[in-house]
Amino acid sequence: MRPLVARIDSVALGHNLMVAKRLAGRARVLAVIKANAYGHGLLRAARALRAADGFAVLTLDEAILLRAQGYSHPIVLLEGFFHPNEIPEIARRRLQPVIHRSDQVDALARAKVERKIDVFLKLDSGMHRLGLQAKAMLDALARLKTLPHIGNITLMSHFARADEGGEYIQPQLDIFRRATAGLSQPISLANSATLIRHPETLFDWVRPGIMLYGASPFAGESGEALGLLPAMTLESEIIAIQPVGKGEGIGYGHLFTAPRDMQVGVVACGYADGYPRHATTGTPVRVEGRLTRTLGRVSMDMLHVDLTDIGHAHVGSPVTLWGTGCPVETVAAAAGTISYELLTALAPRVRIEEN
Ligand SMILES: Cc1ncc(COP(=O)(O)O)c(C=O)c1O
């Protein structure tokens, strides 16, 4: 069997949820488990995170899967319905769509459903992705309140620069407060970054994603420093060792040239597994528990690591590509991306084991 495996630590998921709950105080926690729970497996993550007050997913299919497994939590569809023909199923399964366009209110008004639908109504407070402008949101709210088959309405928005300083949060918060002044509906604004750093964004429902998986939303700061535990550790083994002479090139394009005689390990993991091809020489990797670096260009199924100072490394030596002892954030940074992309891009061919 190929030695590459992603180990999912359900205890770490549970621990991270408790960190989120502690930070949330009286706010309730919607665990964001879209994108296959950021690569960790939707149902696996739901089980480990079942103490959350609710779940947030992207698609009706994900929500139906959760209901089929018996989860009775509130489930929010973060992009609402993509077509009005999804509304009857949304009502039947007691799902809560995000309403972010006026025509979705029209569609709800026309819908014939047997149960009340609770909705999240989204204001565009400055990200300019999803959401209504202030006046349109108030019109939508007034209209939704007249519809007999609409139940609770929660007001929401999303921050564009949540992982930066408070000066970038405040303008959106001001716009939200101004737009919703005098309204009594519950509110949901916070993602991981503002849940951790900005208590003024908490309100009634918070929506942490990345922190549940143990990664930090902040550049240059590890999840560990925030008291989080990595939920995914990507492990493999050395499958070959090559002595490389001073001046010789390594791998495709000979992108790395040995500055001295070196021992180079070949690891069973490549970009077809989701390891970033853009990871440069020097990306951290752990072999036999020792921190070392990748060398040269990542191949489809393999990558090179420097074993020169790990004399006892051998074929079969354990390798940690990211996770415990090798934060996914630092690997992502070396590839010019973020942990979210690495975790969600884990390839289906990677075997998953759960502790
Ligand atoms: C609307 C919304 N809320 C919450 C989240 C969770 O964000 P994070 O993973 O940064 O905590 C996301 C993530 O993309 C989102 O799109």
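How do the residues of the shell around the ligand divide into nonpolar, polar and charged? They divide into 6 nonpolar, 4 polar and 1 charged. Here Ala, Val, Leu, Ile, Met, Phe, Trp, Tyr, Cys and Pro count as nonpolar, Asp, Glu, Lys and Arg as charged, and the others, Gly among them, as polar.

This is a predicted model, in which local features need pLDDT of at least 70, side-chain atom pairs count only at pLDDT 80 or more, and totals for chains, interfaces and linings use all residues. Residues are numbered from 1 along each chain as its sequence is written.

The residues around the ligand are V32, L78, H158, N191, S192, A193, R207, P208, G209, I210 and P217. A residue is near a molecule if its C-beta atom, placed from the backbone, lies within 6 Å of it.

The chain has 11 helices and 18 strands; these are DSSP runs, with helices as H or I of at least four residues and strands as E of at least two, numbered from the N terminus. Its C-alpha atoms fill a box of roughly 75 × 45 × 35 Å along the principal axes. Of the 355 residues, 45% are buried, that is, 20 or more other C-beta atoms lie within 10 Å of their own, C-beta atoms being placed from the backbone.

The chain is divided into two domains, with bounds from an automatic or database domain assignment.

| Domain | Residues |
|---|---|
| domain 1 | 10-215 |
| domain 2 | 232-354 |

The C-alpha centres of the two domains lie 37 Å apart. Domain 1 and domain 2 each give 10 residues to the contact, where two residues are in contact if their C-beta atoms, placed from the backbone, lie within 7 Å. On the domain 1 side, 5 of these residues are nonpolar, 4 polar and 1 charged.

Notes
A residue is buried if 20 or more other C-beta atoms lie within 10 Å of its own, exposed if 12 or fewer, and partly exposed in between; C-beta atoms are placed from the backbone.
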